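Here is a friendly walk through one protein model, written for someone who likes to know the cut-offs behind each term. Have the viewer open as you read.

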Amino acid sequence: MRNIDGMMDFIADSREFEPLSEERTEALLARTLTKLQAERKKQMNIRKKVSLLLLAGIIAIGAVSVGAGAYLRMDGRLVDFLKPASDAQLEQLQPAGMAIGRQVTVNDYTVDVKESIGDNYQIYVLFDVIAPEGTALDQEQYRFDTVRLWSEKNKSMGYSVDMLQDDQPADNKVSMVLEANCDRSFIKDRVRLDLENLVYYDPETMEDVVVEEGLWQVEFDLEYKDISKTLKVNKPIQIFGGEATLRSVSISPLSVTAEATAFSIEKYEEDGLDELEDIRIQLRDGTVLEPRTPSRGSRYFTMQQTCTFDRMIDLEQIQSIQVFGETIEPDWD
């Protein structure tokens with residue numbers, strides 16, 4: 001009401017006009033109120049439009065943030081390495097990925113751990129090796145002379161590091177993928193990756209050439225969602241010349257892990273594991289997926305075998321799984 005009062009005071013204080021009649025004063029007040037109400041309504045509409053625009057902007061920013069998060073969890077180089085068959089498979093992997101963003105520099109050479117993706121027993125970790133500016137990493141194959149992986153939860157692990165194809169050999173960066181499997185679970189685990197002495201292979205001398213000596217140690221936590229499905233089997237089988245029990249088969253788009261228990265496992269722990277057949281998957285169209293990297297380990301009377309394949313596994317297309325000579329038909333219900 002301060003604006004109305006001010007206008008009326010101005011009218012009352014003016015000596016250039018004759019006093020207004022009561023009727024004219026009421027009419028003037030009515031017109032003033034109508035005008036102010038119209039202005040206020042206009043301002044409210046403007047504020048409403050601005051609020052809606054701000055809300056739309058927030059929603060848009062949120063959508064961009066979600067997309068960016070998904071991109072961080074699935075770098076294109078890691079996607080190419082895993083070879084998903086479709087966008088649906090790629091989307092299925094999103095909860096299993098995580099951004100890491102940990103770096104360590106030794107002698108001006110940096111190891112930048114970008115992200116990981118995994119299931120219960122298998123992980124892939126993408127990292128870059130970055131040389132000082134002006135130094136080209138243009139050799140065909142780089143590797144670290146020594147690779148070690150430490151875990152707070154797991155005592156038995158298998159791991160390897162592969163260099164990815166370098167599409168820009170003239171720059172100062174190469175990319176690598178750590179592939180590892182374990183006997184328990186990587187989820188909620190803290191791991192440390194040790195990389196020692198960067199070298200490349202010289203095909204002419206057939207020897208490794210040291211690029212930079214040093215020890216790069218990177219620690220990071222693994223926090224992601226397990227997208228595996230577990231089949232409880234509890235079926236008697238024959239392995240190592242004795243009776244055993246196939247307890248379960250855990251399968252995700254990334255790997256298959258079978259677990260068996262038997263008294264004979266401890267007896268053959270050192271040299272009997274090679275007698276086992278690798279896990280194979282038969283799809284509904286008749287295709288049989290052969291394992292790419294089988295890995296086996298035992299602990300007391302329990303044994304696990306994990307296999308990865310040359311492509312991601314479409315769980316809905318699995319007809320059967322061959323494990324330790326037995327055929328298992330999955331029932332996801």
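Is Asp194 buried or exposed? Asp194 is buried, with a relative accessible area of 2%. Here buried means under 20% relative accessible area, exposed means over 50%, and partly exposed lies in between, using a 1.4 Å probe and protein chains only.

Before going further, a word on where the values come from. This is a predicted model, in which local features need pLDDT of at least 70, side-chain atom pairs count only at pLDDT 80 or more, and totals for chains, interfaces and linings use all residues. Residues are numbered from 1 along each chain as its sequence is written, and side-chain values use heavy atoms, with hydrogens and water left out.

**Overall picture**

The secondary structure of the protein comes to 5 helices and 17 strands. Helices (H or I, at least four residues) and strands (E, at least two) are DSSP runs, numbered from the N terminus. Of the 333 residues, 39% count as buried. Among contacts with a separation of 6 or more, 62% are between residues 24 or more positions apart; a contact means heavy atoms within 4.5 Å.

**Sheet and hairpin**

Strands of a sheet pair through backbone hydrogen bonds, either parallel or antiparallel. In this model, an open sheet of 5 strands runs in the order β1-β2-β3-β6-β5, with antiparallel pairing. Its edge strands are β1 (97-106) and β5 (157-163), each of which pairs on one side only. From one strand to the next, the twist averages 20 degrees, with axes fitted as lines to C-alpha atoms and angles running from 0 to 180 degrees between N-to-C directions. Two strands count as paired if DSSP finds at least two bridges between them. β1 and β2 (residues 109-118) are joined in the antiparallel sense by 8 bridges, and Val106 has Tyr109 in β2 as its bridge partner.

Strands β7 (residues 189-202) and β8 (residues 207-222) also pair in the antiparallel sense, over 13 bridges. Val199 stands opposite Val210 in β8. The two strands form a hairpin with 4 residues between them, and Met206 in the turn has a positive phi of about 55 degrees.

**Nonpolar cores**

A nonpolar core is a set of buried Ala, Val, Leu, Ile, Met, Phe, Trp, Tyr and Cys residues joined through side-chain atoms within 4.5 Å. The largest one has 35 residues, of which Val111, Phe127, Phe144, Met176 and Phe220 touch the most other members. At least two residues of this core come from each of β1, β2, β3 (122-130), β4 (142-151), β6 (173-182), β7 and β8. Beyond four places in sequence, Phe144 touches several residues, including Val111, Phe127, Met176, Leu195 and Trp216. A second, separate core of 27 residues includes Ile239, Phe240, Ile313 and Phe324.

**Salt bridges**

Side chains of opposite charge can pair when their charged atoms come close. With a salt bridge taken as a side-chain nitrogen of Lys or Arg within 4 Å of a carboxyl oxygen of Asp or Glu, the count comes to 15. Three of them are listed here.

| Asp112 | Lys114 | 3.4 Å |

Salt bridges that share partners join Arg148, Arg192, Asp194 and Glu196 into one network.

Asp208 is partly exposed at 37% relative accessible area, and Arg143 is partly exposed at 33%. As for the remaining pair in the table, Asp112 counts as buried at 10% relative accessibility, while Lys114 counts as partly exposed at 31%.

Gln89 lies in helix α4 (residues 87-93) and is buried, with a relative accessible area of 5%. Leaving aside neighbours within four places in sequence, Gln89 is in contact with Pro84, Met312, Ile313 and Asp314.

Ser295 lies in strand β14 (residues 295-299). Its side chain makes a polar contact of 3.0 Å with the side chain of Asn181. A polar contact is a pair of N or O atoms within 3.5 Å; within protein, one must be able to donate a hydrogen and the other to accept it, and residues adjacent in sequence count only if both atoms are side-chain atoms. Not counting residues up to four places away in sequence, Ser295 touches Asn181, Gln304, Gln305 and Thr306.
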